[in-house]
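Please consult the sequence and the structure shown below while reading.

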Amino acid sequence: FVAKQIAAYAKSNAFDIIMCGKETINYNGSVVPGMIAELLNFPYVPLAIKLDIAGNTATIEREIPGGEEIVEVNTPFVLSAAKGMAE
(Lines give C-alpha, C1' and ligand atoms only; values in the text may rest on other atoms or scores of the structure.)
Protein backbone atom coordinates (compact mmCIF):
# COMPACT_ATOMS: atom_id res chain seq x y z
CA PHE A 1 0.00 0.00 0.00
CA VAL A 2 2.78 2.46 0.94
CA ALA A 3 4.71 1.82 -2.28
CA LYS A 4 1.58 2.31 -4.39
CA GLN A 5 0.81 5.63 -2.72
CA ILE A 6 4.37 6.94 -3.16
CA ALA A 7 4.53 5.73 -6.78
CA ALA A 8 1.21 7.41 -7.62
CA TYR A 9 2.39 10.70 -6.12
CA ALA A 10 5.78 10.48 -7.86
CA LYS A 11 4.15 9.67 -11.20
CA SER A 12 1.92 12.73 -11.02
CA ASN A 13 4.91 14.98 -10.17
CA ALA A 14 7.54 13.63 -12.63
CA PHE A 15 10.46 13.36 -10.21
CA ASP A 16 13.92 12.56 -11.57
CA ILE A 17 15.15 10.90 -8.36
CA ILE A 18 13.22 9.21 -5.60
CA MET A 19 15.38 8.71 -2.52
CA CYS A 20 14.32 6.39 0.26
CA GLY A 21 16.01 5.10 3.38
CA LYS A 22 16.82 1.52 4.24
CA GLU A 23 15.82 1.65 7.92
CA THR A 24 12.42 0.02 7.88
CA ILE A 25 10.35 -2.46 9.81
CA ASN A 26 11.34 -5.11 7.24
CA TYR A 27 14.81 -5.43 8.79
CA ASN A 28 16.58 -2.96 6.50
CA GLY A 29 15.62 -4.90 3.39
CA SER A 30 14.78 -1.78 1.34
CA VAL A 31 11.64 -3.50 0.09
CA VAL A 32 9.44 -0.41 -0.38
CA PRO A 33 11.92 1.46 -2.64
CA GLY A 34 12.21 -1.61 -4.87
CA MET A 35 8.43 -1.80 -5.12
CA ILE A 36 8.24 1.89 -6.00
CA ALA A 37 10.80 1.41 -8.78
CA GLU A 38 8.89 -1.58 -10.14
CA LEU A 39 5.57 0.28 -10.12
CA LEU A 40 7.13 3.20 -12.00
CA ASN A 41 9.30 1.02 -14.25
CA PHE A 42 12.39 2.94 -13.03
CA PRO A 43 15.86 1.54 -12.37
CA TYR A 44 16.53 0.82 -8.68
CA VAL A 45 19.86 1.18 -6.89
CA PRO A 46 19.81 -0.16 -3.31
CA LEU A 47 22.07 0.75 -0.39
CA ALA A 48 23.65 3.87 -1.90
CA ILE A 49 26.40 5.53 0.13
CA LYS A 50 27.44 8.25 -2.34
CA LEU A 51 25.66 10.06 -5.17
CA ASP A 52 27.10 12.34 -7.85
CA ILE A 53 24.96 13.86 -10.62
CA ALA A 54 26.16 15.14 -13.99
CA GLY A 55 23.31 16.20 -16.25
CA ASN A 56 20.86 13.31 -16.32
CA THR A 57 23.45 10.69 -15.34
CA ALA A 58 24.05 9.65 -11.74
CA THR A 59 27.16 7.88 -10.49
CA ILE A 60 26.26 5.96 -7.37
CA GLU A 61 28.49 4.12 -4.95
CA ARG A 62 26.68 1.35 -3.12
CA GLU A 63 27.34 -1.34 -0.56
CA ILE A 64 27.49 -4.94 -1.74
CA PRO A 65 28.48 -8.09 0.13
CA GLY A 66 32.23 -7.96 0.56
CA GLY A 67 32.72 -4.33 -0.49
CA GLU A 68 31.40 -1.51 -2.61
CA GLU A 69 30.30 -1.08 -6.21
CA ILE A 70 30.04 1.97 -8.47
CA VAL A 71 27.13 2.11 -10.92
CA GLU A 72 25.85 4.69 -13.40
CA VAL A 73 22.18 5.22 -14.09
CA ASN A 74 20.17 7.78 -16.02
CA THR A 75 17.28 9.66 -14.48
CA PRO A 76 14.61 8.90 -13.49
CA PHE A 77 15.54 6.29 -10.88
CA VAL A 78 14.89 5.16 -7.31
CA LEU A 79 17.56 4.60 -4.69
CA SER A 80 17.66 3.54 -1.10
CA ALA A 81 20.26 5.37 0.95
CA ALA A 82 22.50 3.67 3.47
CA LYS A 83 24.01 5.42 6.46
CA GLY A 84 26.96 6.83 4.49
CA MET A 85 24.70 8.84 2.20
CA ALA A 86 23.57 11.13 5.02
CA GLU A 87 27.12 11.77 6.18
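## Residue K4 and helix α1

K4 is exposed, with a relative accessible area of 57%; exposed means over 50%, buried under 20% and partly exposed in between, with a 1.4 Å probe and protein chains only. K4 lies in helix α1, where helices (H or I, at least four residues) and strands (E, at least two) are DSSP runs numbered from the N terminus. Although 28 residues separate K4 from V32 in sequence, their C-alpha atoms are 9.2 Å apart in space.

## Basis of the model

The model is predicted: local features need pLDDT of at least 70, side-chain atom pairs count only at pLDDT 80 or more, and totals for chains, interfaces and linings use all residues. Residues are numbered from 1 along each chain as its sequence is written, and side-chain values use heavy atoms, with hydrogens and water left out.

Strand β5 spans residues 77-81, and five of its five residues are buried, so the strand is largely enclosed by the rest of the structure. Both of its faces are covered: F77, L79 and A81 are buried on one side, and V78 and S80 are buried on the other.

Two strands are said to pair if DSSP finds at least two bridges between them. Strand β1 (residues 17-21) pairs with β5 in the parallel sense over five bridges, and G21 has A81 of β5 as its bridge partner. Strand β2 (residues 44-54) also pairs with β5 in the parallel sense, over three bridges. Here, Y44 stands opposite V78 of β5.

## The buried side of helix α2

Which residues of helix α2 (residues 31-40) are buried? They are P33, I36, A37 and L40. These residues cover an arc of only 95° around the axis, which puts them on the same side of α2; the arc is that of the directions from the helix axis to the C-beta atoms.

The cover over the buried residues of α2 includes α1 (2-13), β1, β2 and β5, contact meaning heavy atoms within 4.5 Å. Just after α2, N41 takes a positive phi of about 60°.

## One salt bridge

Side chains of opposite charge can pair when their charged atoms come close. A salt bridge is a side-chain nitrogen of Lys or Arg within 4 Å of a carboxyl oxygen of Asp or Glu, and by this rule the count comes to one. The salt bridge joins the side chains of R62 and E69, at 2.7 Å from N to O. R62 counts as buried at 18% relative accessibility, whereas E69 counts as partly exposed at 30%.
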